[in-house]
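This report covers surface patches and the surroundings of selected residues.

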Amino acid sequence: MASRKGIPNKRTAGLLEEVRRAYPDYDPVIELIKIARDPEATRAEQIQCHKEAAKYLRRQLKAIEVSGDPERPVAMINTEPMSPEEWDKKYCEPNP
């Protein structure tokens with residue numbers, strides 16, 4: 001019978017326990033961040049560590065497909081009354 005999602009199997013649980021006993025203060029994400037912030041690390045190493053740490057700290061965006069007829073764009077409906085200039089400023093101009 002397979003383990004339920006999020007619950008480690010016996011082998012993984014045993015390995016985690018061994019690591020915790022041998023290195024009680026070890027956290028791989030913290031170690032990645034230390035390398036990412038180390039001025040002695042190369043820029044490539046820092047970037048790779050930031051990318052790896054981000055997987056545990058931020059949700060990963062899913063790829064989506066945008067489709068539709070460019071001749072018939074989807075209209076946005078706003079419940080706030082505003083002038084065309086306000087609309088452009090809020091929805092069309094890039095925010096700094």
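Contact here means heavy atoms within 4.5 Å. With residues up to four places away in sequence left out, I35 touches A41, Q46 and C49. I35 is found in helix 2, where helices (H or I, at least four residues) are DSSP runs numbered from the N terminus. Between I35 and K62 there are 27 residues in sequence and 27 Å in space, C-alpha to C-alpha.

This is a predicted model, in which local features need pLDDT of at least 70 and side-chain atom pairs count only at pLDDT 80 or more, while totals for chains, interfaces and linings use all residues. Residues are numbered from 1 along each chain as its sequence is written, and side-chain values use heavy atoms, without hydrogens and water.

Relative accessible area sorts residues into buried (under 20%), exposed (over 50%) and partly exposed (in between), with a 1.4 Å probe and protein chains only.

| Residue | Relative accessible area | Class |
|---|---|---|
| Y23 | 54% | exposed |
| I35 | 40% | partly exposed |
| E85 | 58% | exposed |

Nonpolar side chains are joined within 5 Å and like charges within 9 Å, the latter placed at CG of Asp or CD of Glu, which count as negative.

L15, V19, Y23 and Y26 form a nonpolar surface patch with about 420 Å² of accessible area together, by the Shrake-Rupley method with a 1.4 Å probe. Of these residues, Y23 sits in the loop between helix 1 (10-22) and helix 2 (28-36). E85, E86, D88 and E93 form a negative surface patch, and E85 lies in helix 4 (residues 84-92).

Note on methods:
Patch = residues over 30% accessible without salt bridge, like charges linked within 9 Å, V, L, I, M, F, W, Y side chains within 5 Å. Salt bridge = Lys/Arg side-chain N within 4 Å of Asp/Glu carboxyl O. Helix = DSSP H or I, 4+ residues; strand = E, 2+ residues; numbered from the N terminus.
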